[in-house]
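Subject: Structure handover

Hello,

Here is the structure I promised to pass on. Please open it first, then read my notes below.

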Amino acid sequence: MSSLISTVRQKFLQAIRSVNPQGRWKILVVDEHAQKLLGAVLKQFDILEENVTLIESISSSREPQQFEAVYMLMPTTQNVERIIKDFSGGRQQYSAAHLFFIEGLSEPLFERLTASEAEPFLKGLQELFLNFWATEAQAFSISSPSLFFNIYSPPRNDGAFKSARSRLEEELKFVSKSIANLCITLNEFPFIRYYMPTHHQPLGPLQPNAQTRAPPPPEGSSRWRTNLARGDVARAYETADTEFVTKLLAFMVQQNLDEYKKTNPEFPKPADPPRPRGTLIITDRSMDTMAPLIHEFTYQAMCNDLLPIQDGTKYTYKFQSSVGTYEDKNAILSDADSVWTAVRHMHMREAIDKLMSDFNKFMEENAGFKGEGAASLNDMKDMLASLPQYQEQREKFSLHLNMAQDCMNIFEKDKLSLVANVEQCCATGLTSEGKTPKNLIEEMVPLLDSQEVINANKVRVVALYIQYRDGVPDEDRRRLYQHARLSMAEQDAVNSLLHLGVRITRGPADKDTKRKLKQKPNNDEEYELSRFKPLLRTVIEDHVSNKLDPTFFPYVKESPSAVTPAVSLRSSPAPTPTTSLRSAKPSWHKAARPNNAPADNHQRVIVFVAGGVTHSEVREAYALSGSLSKDIYIGSTHTITPRHFIDDLKVLELGGVGSRAIPNGLSTSGGHHSYQDYYDEKYFTPDPPSRPTLSVAKDSGRGHSSAGSKLLKVSPVNSFAASSTSLNSNAGTLEKEEKKKKKRGLFHF
């Protein structure tokens with residue numbers, strides 16, 4: 001299975017490599033967002049190695065250069081005007097320009113480029129469709145945490161529904177384009193399924209409301225009519241009851257992919273060996289509100305839950321130097337850290353065992369250590385201090401030693417074994433013996449009363465208990481808050497689950513909520529405190545085994561069962577006449593795969609969770625890829641931890657005011673005039689202070705395309721036709737100068 005990070009990295013490098021000027025060297029021009037996307041998968045050295053002599057920001061003041069330039073930009077009106085400015089009014093910023101837009105360029109902006117003075121200098125244009133973040137080998141993100149509030153925050157009054165819905169639809173259109181970007185990057189034209197809840201109505205701005213739903217049909221118009229013959233007016237009125245965020249998003253993604261395929265009929269390109277058509281499953285956070293609250297004890301999830309890790313990647317720890325002093329060290333937790341990737345999905349106990357095993361093996365192979373080896377984390381800490389010559393490996397082991405030890409200290413201090421036992425009973429509805437819990441309230445109340453249990457954990461226990469009971473009477477809920485001594489903000493966090501479709505209040509006559517998707521008993525789990533598995537696991541397993549209810553997860557267009565027979569008839573091989581071996585095409589003549597690599601043709605399942613994905617759900621994608629023999633990718637608007645989820649719930653009714661994502665809360669204005677206006681505002685960067693510019697005559701002798709040439713949009717799956725590379729007499733001197741520049745790392749921001 002190919003890594004998503006490697007795939008994105010290769011696409012960026014292919015774009016840069018496709019430009020081969022006669023003078024060999026080229027300049028890379030980026031904007032702020034494109035530079036961040038590049039920096040997420042490439043190091044500065046990787047870019048400079050591709051004959052890039054300089055990296056410049058398009059928003060900074062730049063001196064004219066005698067090299068061709070590779071522009072890698074977001075397709076905004078502002079960037080298009082900056083490109084035109086570089087080659088108009090007597091100015092020629094570079095000898096020629098090769099344009100690469102991170103995603104699709106709108107037709108009006110394309111026409112603006114081709115009709116401008118800059119057109120003769122533009123050698124080509126390509127759309128890369130890479131506007132998403134490849135965070136792990138099988139995980140991606142849109143990096144839009146504010147969307148949680150767009151989706152679930154209730155409008156402040158009836159008059160605010162229309163503007164709130166307009167803003168949400170704009171955000172969903174942006175997200176749908178990013179998901180389409182991912183599918184195009186993976187060369188996948190998937191079937192699309194979406195989550196269709198049956199136990200609650202649409203949430204947030206999509207709640208049925210007189211301001212946003214179609215007018216009702218005339219009174220009595222539906223009498224004596226069948227449902228089919230009721231008419232468009234009645235159907236339009238009833239549509240509001242099924243307009244879930246997942247449905248809107250799924251149809252938008254389908255529209256984007258259909259439009260792309262219309263202009264690129266060869267999409268998706270045939271794979272070798274052939275790969276079955278994949279499926280995109282779109283769900284949202286409301287499908288499983290237990291997963292973000294429960295304590296997970298696998299290494300990555302536990303570390304992000306208990307430790308102050310920033311954005312899931314940055315961690316500061318104490319490192320013992322070779323002279324014995326301790327210093328603060330900043331670490332990046334990414335796929336580049338082999339120790340991290342080896343243990344991140346293991347249970348903490350197994351992760352510690354593997355860390356010690358790998359450490360002892362390293363000691364034997366590199367340090368010539370003789371003895372029993374490290375038997376505990378403290379042994380590892382003592383032995384690490386004696387390895388000054390293995391700096392890089394010392395830092396890796398020291399990092400994960402510190403993280404594991406800090407997690408275990410918090411586990412003991414916060415009484416997490418007792419807390420987690422109650423959480424597991426609430427989340428699974430069963431005890432560790434597989435029976436219905438009978439003394440749950442007796443186990444829970446002492447924890448709520450205890451001062452040794454922090455309030456954040458009490459919020460999680462109360463929220464899980466209310467969900468287990470499918471709502472509790474108001475008086476019982478008040479007593480739970482009283483026992484736990486929760487602040488008003490913490491009570492708001494529990495109450496706000498209502499806006500994610502959870503029933504928190506229950507009357508004596510209320511019946512149990514009928515849910516089609518339920519937690520499956522897990523009898524194979526070795527650890528009692530890890531019995532709960534996210535509902536997403538059940539969804540993926542049922543989809544792969546063809547057991548997922550199509551009324552609960554309908555398809556946007558055709559389903560595999562509807563397409564497969566037609567395809568099989570079309571693609572079935574014709575009867576082969578008897579031929580001699582001489583005229584046959586022997587299969588053994590086919591070139592062998594390098595290093596006997598296995599065929600990468602597993603069917604893909606792409607999962608998108610709107611409103612935030614948990615580390616436990618990401619782990620399930622990796623685990624199920626192996627057990628189901630599928631290539632499973634998982635993504636979301638953002639990745640959440642229990643702490644962030646509770647903090648967001650506290651201010652959900654306030655529209656996000658005071659949150660990390662949007663401290664000032666959601667905008668109260670309506671949507672923009674057009675999607676391009678929204679996009680331009682999202683990626684706006686201020687211009688530098690004006691300064692005198694140097695005018696360069698057009699006939700200065702610099703090489704560029706002939707004035708009569710026309711700029712063409714190149715299909716994103718095709719690269720530019722590379723011009724032949726030639727070296728002039730001064731190439732050797734120039735190369736030495738450029739090597740010096742590479743060492744200095746010339747980023748002009």
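Is Lys-36 buried, partly exposed or exposed? Lys-36 is partly exposed, at a relative accessible area of 44%. The scale: buried is under 20% relative accessible area, exposed is over 50%, and partly exposed lies in between, with a 1.4 Å probe and protein chains only.

Some ground rules. This is a predicted model, so local features need pLDDT of at least 70, side-chain atom pairs count only at pLDDT 80 or more, and totals for chains, interfaces and linings use all residues. Residues are numbered from 1 along each chain as its sequence is written, and side-chain values use heavy atoms, leaving out hydrogens and water.

**Salt bridges**

The count is 30 salt bridges. The rule asks for a side-chain nitrogen of Lys or Arg within 4 Å of a carboxyl oxygen of Asp or Glu.

Lys-36 pairs with Glu-32, with the closest N and O atoms 3.6 Å apart. Both sit in helix α2 (residues 32–41), four residues apart, about one helical turn. Helices here are DSSP runs of H or I with at least four residues, strands are runs of E with at least two, and both are numbered from the N terminus. Glu-32 is partly exposed too, at 43%.

Glu-475 bridges to Arg-478, the closest N and O atoms being 2.4 Å apart. They lie three residues apart in helix α18 (residues 474–484), about one turn. Glu-475 is partly exposed at 34%. Arg-478 is partly exposed at 42%.

Salt bridges with shared partners also join Glu-296, Arg-537, Glu-541, Arg-619 and Glu-620 into one network.

Within it, Arg-619 bridges to Glu-296, with the closest N and O atoms 2.7 Å apart. This pair links distant parts of the chain, 323 residues apart: Arg-619 is in helix α22 (residues 615–628), Glu-296 in the loop between β9 (279–284) and α10 (299–306). Arg-619 is buried at 9%. Glu-296 is buried at 12%.

**A helix pair**

Helix α7 (residues 161–185) and helix α24 (residues 675–682) have axes that come within 11 Å and cross at roughly 75°. That makes α7 roughly perpendicular to α24 (65 to 115 degrees). The contact (heavy atoms within 4.5 Å) involves Glu-170, Glu-171, Lys-173, Phe-174 and Lys-177 of α7, and Tyr-675, Tyr-678, Tyr-679 and Lys-682 of α24.

Best wishes

Definitions and conventions. Axes are lines fitted to C-alpha atoms, for helices over the stretch in contact, and angles run from 0 to 180 degrees between N-to-C directions. Angles under 35 degrees count as roughly parallel, over 145 as roughly antiparallel, 65 to 115 as roughly perpendicular and the rest as oblique.
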